[in-house]
Amino acid sequence: GGRYVVYHIFLDGFVLCKVRYSDMHRWNEKLRRVFKDCIPRFPPKYYLAMTEKMADQRRHHLEQYLQKVADISSIVTSEIFGKFFRKMQQETFRITEVSAVLDVFLPDLQKIRADIQTSDTAQTLLETVANKIGLSRDLQRYFGLFLVQWKSLEEMSVLKKLAPFESPVLSLETLKEQQCTIMILKSYMDRSLDKTVMQNSCALNLLCTQAVSHMRRGWSCPTEQQHQTLNALLETGQKREFLEAAWHLKYYGYIQVDPCTCDYPEPDCPAVVRVGYEGISCCIKLPSNQIQEDHFEISRIKCWRVNMFSKSSIDDEVLLDLSFEYCFANKSCKWITIHTKQAFLISMFMRQVLLEWPAKKCENAIEITCHSEPEQLGVRSKVIGSNGDVFEGIQDHDL
(Lines give C-alpha, C1' and ligand atoms only; values in the text may rest on other atoms or scores of the structure.)
Protein backbone atom coordinates (compact mmCIF):
# COMPACT_ATOMS: atom_id res chain seq x y z
CA GLY A 1 0.00 0.00 0.00
CA GLY A 2 0.87 3.68 -0.06
CA ARG A 3 1.68 6.03 2.73
CA TYR A 4 -0.62 6.39 5.72
CA VAL A 5 -0.72 8.38 8.94
CA VAL A 6 0.02 6.68 12.24
CA TYR A 7 -1.25 8.53 15.31
CA HIS A 8 0.63 8.10 18.56
CA ILE A 9 -1.80 8.14 21.49
CA PHE A 10 -0.22 9.52 24.65
CA LEU A 11 -1.65 8.82 28.10
CA ASP A 12 -0.23 11.02 30.85
CA GLY A 13 2.82 11.80 28.73
CA PHE A 14 3.65 8.19 27.76
CA VAL A 15 2.87 6.40 24.51
CA LEU A 16 -0.17 4.20 25.09
CA CYS A 17 -0.53 2.87 21.55
CA LYS A 18 -0.41 3.74 17.84
CA VAL A 19 -3.53 3.84 15.69
CA ARG A 20 -4.69 4.75 12.19
CA TYR A 21 -7.59 7.02 11.39
CA SER A 22 -9.60 4.04 10.15
CA ASP A 23 -9.13 2.27 13.53
CA MET A 24 -10.59 5.25 15.37
CA HIS A 25 -13.36 5.69 12.80
CA ARG A 26 -14.59 2.10 13.33
CA TRP A 27 -14.32 2.56 17.10
CA ASN A 28 -16.36 5.75 16.93
CA GLU A 29 -19.12 3.91 15.04
CA LYS A 30 -19.27 1.25 17.76
CA LEU A 31 -19.41 3.90 20.48
CA ARG A 32 -22.17 5.77 18.66
CA ARG A 33 -24.31 2.65 18.34
CA VAL A 34 -24.23 2.18 22.12
CA PHE A 35 -24.00 5.72 23.53
CA LYS A 36 -25.93 7.54 20.80
CA ASP A 37 -25.89 11.35 20.85
CA CYS A 38 -23.57 11.78 23.82
CA ILE A 39 -20.60 10.90 21.57
CA PRO A 40 -18.80 14.05 20.34
CA ARG A 41 -18.46 14.76 16.63
CA PHE A 42 -15.78 12.65 14.96
CA PRO A 43 -13.37 14.32 12.48
CA PRO A 44 -14.65 13.61 8.94
CA LYS A 45 -12.88 11.69 6.20
CA TYR A 46 -11.11 13.54 3.41
CA TYR A 47 -11.51 12.07 -0.05
CA LEU A 48 -8.69 14.11 -1.55
CA ALA A 49 -5.05 14.21 -0.50
CA MET A 50 -4.57 16.33 2.59
CA THR A 51 -2.24 19.27 2.88
CA GLU A 52 0.06 19.52 5.88
CA LYS A 53 -2.29 22.08 7.44
CA MET A 54 -5.31 19.78 6.97
CA ALA A 55 -3.39 16.87 8.49
CA ASP A 56 -2.46 18.92 11.54
CA GLN A 57 -6.07 20.04 11.94
CA ARG A 58 -7.22 16.42 11.82
CA ARG A 59 -4.68 15.46 14.49
CA HIS A 60 -5.91 18.34 16.67
CA HIS A 61 -9.56 17.37 16.16
CA LEU A 62 -8.80 13.72 16.98
CA GLU A 63 -7.12 14.85 20.19
CA GLN A 64 -10.14 16.96 21.13
CA TYR A 65 -12.43 14.04 20.31
CA LEU A 66 -10.45 11.68 22.56
CA GLN A 67 -10.36 14.17 25.42
CA LYS A 68 -14.12 14.70 25.26
CA VAL A 69 -14.80 10.96 25.13
CA ALA A 70 -12.45 10.40 28.09
CA ASP A 71 -14.45 12.94 30.11
CA ILE A 72 -17.59 10.76 29.99
CA SER A 73 -17.27 8.24 32.83
CA SER A 74 -19.89 5.84 31.46
CA ILE A 75 -17.82 5.49 28.27
CA VAL A 76 -14.41 5.19 29.98
CA THR A 77 -15.68 2.37 32.18
CA SER A 78 -17.33 0.53 29.27
CA GLU A 79 -15.98 -2.63 27.64
CA ILE A 80 -15.97 -0.93 24.20
CA PHE A 81 -13.55 1.74 25.44
CA GLY A 82 -11.18 -0.58 27.28
CA LYS A 83 -11.20 -3.33 24.65
CA PHE A 84 -10.22 -0.88 21.90
CA PHE A 85 -7.15 0.46 23.69
CA ARG A 86 -6.04 -2.99 24.85
CA LYS A 87 -6.29 -4.23 21.26
CA MET A 88 -4.34 -1.23 19.98
CA GLN A 89 -1.70 -1.72 22.69
CA GLN A 90 -1.29 -5.37 21.70
CA GLU A 91 -0.98 -4.53 18.01
CA THR A 92 1.42 -1.66 18.68
CA PHE A 93 3.85 -3.77 20.69
CA ARG A 94 3.13 -7.04 18.83
CA ILE A 95 2.32 -9.00 21.98
CA THR A 96 -0.15 -11.89 21.80
CA GLU A 97 -2.62 -12.73 24.55
CA VAL A 98 -0.85 -15.22 26.80
CA SER A 99 -0.51 -15.97 30.49
CA ALA A 100 1.95 -13.79 32.38
CA VAL A 101 3.41 -13.46 35.85
CA LEU A 102 3.72 -9.92 37.16
CA ASP A 103 5.31 -8.70 40.38
CA VAL A 104 3.55 -5.82 42.15
CA PHE A 105 5.48 -4.09 44.92
CA LEU A 106 4.04 -2.91 48.22
CA PRO A 107 5.44 0.36 49.66
CA ASP A 108 7.88 -1.65 51.84
CA LEU A 109 9.18 -3.33 48.63
CA GLN A 110 7.56 -6.67 49.42
CA LYS A 111 6.64 -8.38 46.15
CA ILE A 112 3.22 -9.82 45.40
CA ARG A 113 3.25 -12.21 42.45
CA ALA A 114 0.13 -12.16 40.27
CA ASP A 115 -0.84 -14.63 37.54
CA ILE A 116 -2.65 -12.71 34.82
CA GLN A 117 -3.18 -12.47 31.05
CA THR A 118 -1.29 -9.94 28.95
CA SER A 119 -4.67 -8.45 28.02
CA ASP A 120 -5.82 -8.00 31.64
CA THR A 121 -6.44 -4.44 32.77
CA ALA A 122 -4.87 -2.53 35.62
CA GLN A 123 -8.21 -2.78 37.43
CA THR A 124 -8.11 -6.58 37.17
CA LEU A 125 -4.53 -6.63 38.46
CA LEU A 126 -5.44 -4.34 41.37
CA GLU A 127 -8.30 -6.66 42.37
CA THR A 128 -6.01 -9.71 42.09
CA VAL A 129 -3.33 -8.15 44.32
CA ALA A 130 -5.92 -6.81 46.78
CA ASN A 131 -7.40 -10.29 47.21
CA LYS A 132 -3.93 -11.76 47.82
CA ILE A 133 -3.01 -9.29 50.56
CA GLY A 134 -6.47 -9.17 52.17
CA LEU A 135 -7.54 -5.66 51.18
CA SER A 136 -11.33 -5.60 51.33
CA ARG A 137 -13.23 -4.81 48.13
CA ASP A 138 -14.86 -1.67 49.57
CA LEU A 139 -11.42 -0.14 50.25
CA GLN A 140 -9.79 -0.97 46.91
CA ARG A 141 -11.02 2.33 45.45
CA TYR A 142 -8.70 4.19 47.84
CA PHE A 143 -5.62 2.62 46.23
CA GLY A 144 -4.16 2.49 42.76
CA LEU A 145 -1.34 0.92 40.76
CA PHE A 146 1.51 3.29 39.89
CA LEU A 147 4.44 2.96 37.52
CA VAL A 148 7.62 3.74 39.44
CA GLN A 149 11.17 4.04 38.17
CA TRP A 150 14.13 2.98 40.30
CA LYS A 151 17.45 4.82 40.35
CA SER A 152 18.64 3.02 43.50
CA LEU A 153 17.04 1.11 46.37
CA GLU A 154 16.43 4.40 48.16
CA GLU A 155 15.62 6.60 45.17
CA MET A 156 12.50 6.14 43.10
CA SER A 157 10.31 8.28 40.86
CA VAL A 158 6.55 7.91 40.60
CA LEU A 159 5.87 8.24 36.86
CA LYS A 160 2.12 7.79 36.54
CA LYS A 161 -0.98 6.08 37.85
CA LEU A 162 -2.14 3.27 35.61
CA ALA A 163 -5.56 3.95 34.10
CA PRO A 164 -8.09 1.21 34.94
CA PHE A 165 -8.50 0.27 31.26
CA GLU A 166 -4.83 -0.03 30.23
CA SER A 167 -2.83 -3.25 30.21
CA PRO A 168 -0.09 -3.13 32.88
CA VAL A 169 1.94 -5.78 31.04
CA LEU A 170 1.96 -3.75 27.84
CA SER A 171 2.56 -0.45 29.64
CA LEU A 172 5.62 -1.97 31.32
CA GLU A 173 6.79 -3.18 27.90
CA THR A 174 6.90 0.42 26.65
CA LEU A 175 9.26 1.31 29.51
CA LYS A 176 11.31 -1.89 29.65
CA GLU A 177 14.59 0.02 29.31
CA GLN A 178 13.82 2.38 32.19
CA GLN A 179 13.85 -0.09 35.12
CA CYS A 180 10.18 0.40 35.93
CA THR A 181 7.97 -1.63 38.24
CA ILE A 182 4.39 -1.43 39.47
CA MET A 183 3.63 -0.40 43.05
CA ILE A 184 0.35 -0.17 44.94
CA LEU A 185 -0.05 3.20 46.67
CA LYS A 186 -2.92 5.18 48.11
CA SER A 187 -4.59 7.26 45.43
CA TYR A 188 -6.32 9.94 47.53
CA MET A 189 -4.89 13.18 48.88
CA ASP A 190 -7.08 14.14 51.86
CA ARG A 191 -5.38 12.76 54.96
CA SER A 192 -8.70 12.75 56.86
CA LEU A 193 -9.71 9.77 54.69
CA ASP A 194 -7.00 7.77 56.48
CA LYS A 195 -9.40 7.46 59.42
CA THR A 196 -11.80 5.46 57.27
CA VAL A 197 -9.20 3.42 55.43
CA MET A 198 -7.16 2.45 58.51
CA GLN A 199 -10.03 0.44 60.00
CA ASN A 200 -8.88 -2.46 57.83
CA SER A 201 -5.64 -4.06 59.05
CA CYS A 202 -4.25 -4.59 55.55
CA ALA A 203 -5.04 -1.00 54.54
CA LEU A 204 -3.49 0.25 57.80
CA ASN A 205 -0.30 -1.65 56.97
CA LEU A 206 -0.19 -0.13 53.46
CA LEU A 207 -0.62 3.40 54.85
CA CYS A 208 2.07 2.87 57.48
CA THR A 209 4.63 1.39 55.09
CA GLN A 210 4.00 4.21 52.61
CA ALA A 211 4.50 6.79 55.38
CA VAL A 212 7.76 5.07 56.41
CA SER A 213 8.90 5.00 52.78
CA HIS A 214 8.26 8.74 52.39
CA MET A 215 10.21 9.50 55.56
CA ARG A 216 13.22 7.45 54.49
CA ARG A 217 13.31 9.11 51.09
CA GLY A 218 12.99 12.60 52.53
CA TRP A 219 9.57 13.26 50.98
CA SER A 220 8.15 14.07 54.40
CA CYS A 221 10.23 15.98 56.96
CA PRO A 222 10.01 14.93 60.62
CA THR A 223 11.75 16.89 63.33
CA GLU A 224 14.24 15.01 65.49
CA GLN A 225 11.62 14.62 68.22
CA GLN A 226 9.01 13.37 65.75
CA HIS A 227 11.54 10.93 64.33
CA GLN A 228 12.24 9.44 67.75
CA THR A 229 8.53 9.17 68.59
CA LEU A 230 7.66 7.51 65.29
CA ASN A 231 10.53 5.01 65.51
CA ALA A 232 9.46 4.04 69.05
CA LEU A 233 5.88 3.43 67.90
CA LEU A 234 7.10 1.30 64.98
CA GLU A 235 9.37 -0.78 67.20
CA THR A 236 6.45 -1.60 69.50
CA GLY A 237 4.10 -2.42 66.65
CA GLN A 238 1.69 0.45 67.36
CA LYS A 239 0.72 1.06 63.74
CA ARG A 240 -2.44 3.03 64.40
CA GLU A 241 -0.66 5.36 66.82
CA PHE A 242 2.26 5.65 64.40
CA LEU A 243 -0.04 6.79 61.59
CA GLU A 244 -1.85 9.28 63.79
CA ALA A 245 1.53 10.76 64.80
CA ALA A 246 2.67 10.79 61.16
CA TRP A 247 -0.28 13.04 60.23
CA HIS A 248 1.56 15.92 61.92
CA LEU A 249 4.67 15.60 59.75
CA LYS A 250 5.54 18.37 57.36
CA TYR A 251 4.53 17.13 53.89
CA TYR A 252 2.73 14.04 55.13
CA GLY A 253 0.91 12.53 52.15
CA TYR A 254 2.74 14.69 49.60
CA ILE A 255 4.31 13.16 46.50
CA GLN A 256 7.75 14.51 45.61
CA VAL A 257 8.81 14.69 41.96
CA ASP A 258 12.34 14.53 40.57
CA PRO A 259 14.53 17.65 40.73
CA CYS A 260 13.26 20.10 38.13
CA THR A 261 13.21 23.82 37.31
CA CYS A 262 10.68 26.56 37.95
CA ASP A 263 10.29 30.04 36.43
CA TYR A 264 9.33 31.58 39.79
CA PRO A 265 10.53 33.88 41.24
CA GLU A 266 13.14 33.96 38.44
CA PRO A 267 13.57 31.88 35.27
CA ASP A 268 15.21 28.44 35.37
CA CYS A 269 15.48 28.13 39.14
CA PRO A 270 16.32 24.58 40.34
CA ALA A 271 13.48 23.32 42.53
CA VAL A 272 12.30 20.41 44.65
CA VAL A 273 8.54 20.14 44.09
CA ARG A 274 5.95 18.28 46.15
CA VAL A 275 2.19 18.08 45.58
CA GLY A 276 -0.37 17.37 48.30
CA TYR A 277 -3.92 18.10 49.43
CA GLU A 278 -3.07 21.64 50.52
CA GLY A 279 -1.18 22.59 47.38
CA ILE A 280 2.14 22.59 45.56
CA SER A 281 5.29 23.15 47.61
CA CYS A 282 8.41 24.42 45.84
CA CYS A 283 11.81 24.55 47.53
CA ILE A 284 13.60 26.87 45.10
CA LYS A 285 17.32 27.62 44.74
CA LEU A 286 17.75 31.26 43.73
CA PRO A 287 20.59 32.58 41.53
CA SER A 288 22.14 33.91 44.76
CA ASN A 289 22.27 30.25 46.01
CA GLN A 290 19.75 31.10 48.72
CA ILE A 291 16.92 28.62 49.27
CA GLN A 292 13.36 29.96 49.13
CA GLU A 293 10.32 27.88 50.02
CA ASP A 294 7.00 28.78 48.39
CA HIS A 295 3.63 27.11 48.86
CA PHE A 296 0.92 27.49 46.24
CA GLU A 297 -2.51 26.64 47.63
CA ILE A 298 -4.77 24.64 45.35
CA SER A 299 -7.64 26.93 46.36
CA ARG A 300 -5.80 29.90 44.81
CA ILE A 301 -4.98 28.23 41.48
CA LYS A 302 -7.48 29.55 38.91
CA CYS A 303 -6.53 27.12 36.15
CA TRP A 304 -3.67 25.02 34.88
CA ARG A 305 -2.47 23.18 31.82
CA VAL A 306 0.11 20.60 30.86
CA ASN A 307 2.21 21.45 27.81
CA MET A 308 3.79 18.65 25.77
CA PHE A 309 6.62 19.34 23.31
CA SER A 310 8.29 16.97 20.85
CA LYS A 311 12.06 16.71 21.11
CA SER A 312 12.15 15.68 17.45
CA SER A 313 9.81 14.57 14.69
CA ILE A 314 11.16 11.02 14.54
CA ASP A 315 11.02 9.70 18.10
CA ASP A 316 8.45 9.39 20.87
CA GLU A 317 10.30 11.37 23.55
CA VAL A 318 8.52 14.48 24.75
CA LEU A 319 9.25 17.42 27.04
CA LEU A 320 6.61 18.44 29.57
CA ASP A 321 5.79 21.38 31.79
CA LEU A 322 2.95 22.36 34.08
CA SER A 323 1.72 25.97 34.01
CA PHE A 324 -0.82 27.37 36.46
CA GLU A 325 -2.36 30.79 37.07
CA TYR A 326 -1.98 31.66 40.73
CA CYS A 327 -3.81 34.36 42.67
CA PHE A 328 -1.64 35.80 45.44
CA ALA A 329 -2.99 37.25 48.68
CA ASN A 330 -2.70 40.79 47.29
CA LYS A 331 -5.18 39.78 44.51
CA SER A 332 -2.51 39.86 41.80
CA CYS A 333 -2.36 36.85 39.46
CA LYS A 334 0.65 35.32 37.75
CA TRP A 335 1.32 32.33 35.51
CA ILE A 336 3.97 30.01 36.99
CA THR A 337 5.60 27.17 35.07
CA ILE A 338 7.28 24.04 36.45
CA HIS A 339 9.42 22.14 33.93
CA THR A 340 9.20 18.47 34.87
CA LYS A 341 8.68 15.13 33.14
CA GLN A 342 6.14 14.39 35.90
CA ALA A 343 3.83 17.27 34.90
CA PHE A 344 0.93 14.89 34.20
CA LEU A 345 1.43 13.23 37.60
CA ILE A 346 1.15 16.60 39.37
CA SER A 347 -1.91 17.43 37.26
CA MET A 348 -3.50 14.07 38.13
CA PHE A 349 -3.09 14.70 41.85
CA MET A 350 -4.45 18.25 41.47
CA ARG A 351 -7.54 16.81 39.77
CA GLN A 352 -7.86 14.32 42.61
CA VAL A 353 -7.83 17.15 45.14
CA LEU A 354 -10.71 18.82 43.31
CA LEU A 355 -12.67 15.56 43.34
CA GLU A 356 -12.23 15.35 47.11
CA TRP A 357 -13.20 18.97 47.72
CA PRO A 358 -17.03 18.76 47.58
CA ALA A 359 -17.13 16.96 50.91
CA LYS A 360 -14.73 19.45 52.48
CA LYS A 361 -14.78 22.75 50.58
CA CYS A 362 -12.48 25.58 51.60
CA GLU A 363 -14.48 28.66 52.57
CA ASN A 364 -11.99 31.06 51.01
CA ALA A 365 -11.50 29.07 47.80
CA ILE A 366 -11.67 31.07 44.59
CA GLU A 367 -13.67 29.73 41.68
CA ILE A 368 -11.61 27.38 39.53
CA THR A 369 -12.71 28.03 35.99
CA CYS A 370 -10.79 25.31 34.14
CA HIS A 371 -8.10 22.78 34.74
CA SER A 372 -5.68 20.31 33.16
CA GLU A 373 -5.68 21.43 29.56
CA PRO A 374 -5.08 19.17 27.70
CA GLU A 375 -6.48 16.23 29.67
CA GLN A 376 -4.83 12.82 29.93
CA LEU A 377 -4.96 11.80 26.26
CA GLY A 378 -2.84 13.41 23.54
CA VAL A 379 -2.20 12.63 19.87
CA ARG A 380 0.85 12.97 17.63
CA SER A 381 1.12 11.79 14.04
CA LYS A 382 3.70 10.25 11.74
CA VAL A 383 3.41 9.27 8.11
CA ILE A 384 4.52 5.73 7.39
CA GLY A 385 5.49 4.56 3.91
CA SER A 386 4.95 1.09 2.54
CA ASN A 387 8.53 0.23 3.46
CA GLY A 388 8.10 1.44 7.05
CA ASP A 389 10.13 4.64 6.65
CA VAL A 390 9.09 7.82 8.41
CA PHE A 391 8.40 10.79 6.12
CA GLU A 392 8.61 14.46 6.99
CA GLY A 393 5.41 15.45 5.18
CA ILE A 394 1.87 14.68 6.28
CA GLN A 395 -0.40 13.14 3.70
CA ASP A 396 -3.27 10.79 4.50
CA HIS A 397 -4.12 8.01 2.04
CA ASP A 398 -5.93 6.00 4.71
CA LEU A 399 -9.51 6.59 3.46
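Colleague: What does contact mean for glutamine 89, and which residues beyond four places in sequence does glutamine 89 touch?
Modeller: Contact means heavy atoms within 4.5 Å. The model is a predicted one, and in it glutamine 89 sits in helix α4, residues 79-93. Leaving aside neighbours within four places in sequence, the residues in contact with glutamine 89 are Leu16, Cys17, Glu166, Ser167, Leu170 and Ser171.

Colleague: Is glutamine 89 buried or exposed?
Modeller: The cut-off for buried is under 20% relative accessible area. Glutamine 89 has 1% relative accessibility, so this residue counts as buried.

Colleague: What share of the residues of the protein chain count as buried?
Modeller: The chain has 11 helices and 17 strands. Among its contacts between residues at least 6 apart in sequence, 60% join residues at least 24 apart. Of the 399 residues, the share that counts as buried is 52%.

Colleague: In what order do the strands of the 5-stranded open sheet lie?
Modeller: The edge strands are β4 (111-117) and β6 (156-161), each pairing on one side only. From one strand to the next the twist averages 40°. The pairing is mixed, and the order is β4-β3-β7-β5-β6.

Colleague: Which residue in β7 stands opposite valine 148?
Modeller: Strand β5 covers residues 143-150 and strand β7 residues 180-186. These two run antiparallel and are joined by 7 bridges. Opposite valine 148 stands threonine 181.

Colleague: What angle does the direction of helix α8 make with that of β7?
Modeller: Helix α5 (residues 122-133) lies across β3 (99-105), β4, β5 and β7, and runs at about 135° to β4. Helix α8 (residues 201-216) also packs on the sheet, where it touches β5 and β7. The angle between the directions of α8 and β7 is about 115°.

Colleague: Which element gives the largest share of the lining of the largest cavity?
Modeller: The whole structure holds 5 cavities of 30 Å³ or more, and about 80 Å³ of space lies in the largest cavity. Its lining residues include Lys186, Leu207, Gln210, His214 and Tyr252. The largest share of that lining, 5 residues, comes from α8.

Colleague: Which side chain makes a polar contact with the side chain of serine 347?
Modeller: Serine 347 lies in helix α11, residues 343-356. A relative accessible area of 0% puts serine 347 among the buried residues. At 3.0 Å, the polar contact of its side chain is with the side chain of tryptophan 304.

Colleague: How many residues apart in sequence are serine 347 and aspartate 12?
Modeller: Aspartate 12 lies in the loop between β1 (4-11) and β2 (14-19), and at 7% relative accessibility aspartate 12 counts as buried. In space, C-alpha to C-alpha, serine 347 and aspartate 12 are 9.2 Å apart. In sequence, their separation is 335 residues.

Colleague: Is lysine 331 buried or exposed?
Modeller: Most residues other than glycine have a negative phi. Phi of aspartate 12 is near 55° and phi of lysine 331 is near 80°, both positive values. Lysine 331 is found in the loop between β14 (318-327) and β15 (333-339). With a relative accessible area of 71%, lysine 331 is exposed.

Colleague: Which residue does a cis peptide bond join to tyrosine 264?
Modeller: Most peptide bonds are trans. Here omega is about 0°.

Note on methods: Residues numbered from 1 in each chain as written. Predicted model: local features only at pLDDT ≥ 70, side-chain atom pairs only at ≥ 80, totals over all residues. Heavy atoms only, no water. Pairing = 2+ DSSP bridges. Helix = DSSP H or I, 4+ residues; strand = E, 2+ residues; numbered from the N terminus. Axes fitted to C-alpha atoms, helices over the stretch in contact; angles between N-to-C directions. Buried < 20%, exposed > 50% of the residue type's maximum accessible area, 1.4 Å probe, protein only. Polar contact = N/O pair within 3.5 Å; in protein donor to acceptor, adjacent residues only side chain to side chain. 1 Å grid on protein atoms, 1.4 Å probe; cavity = no way out; pocket = protein on both sides within 12 Å on 5 of 7 lines; lining within 4 Å. Points joined across faces, edges and corners; volume = space filled by probe spheres on them.
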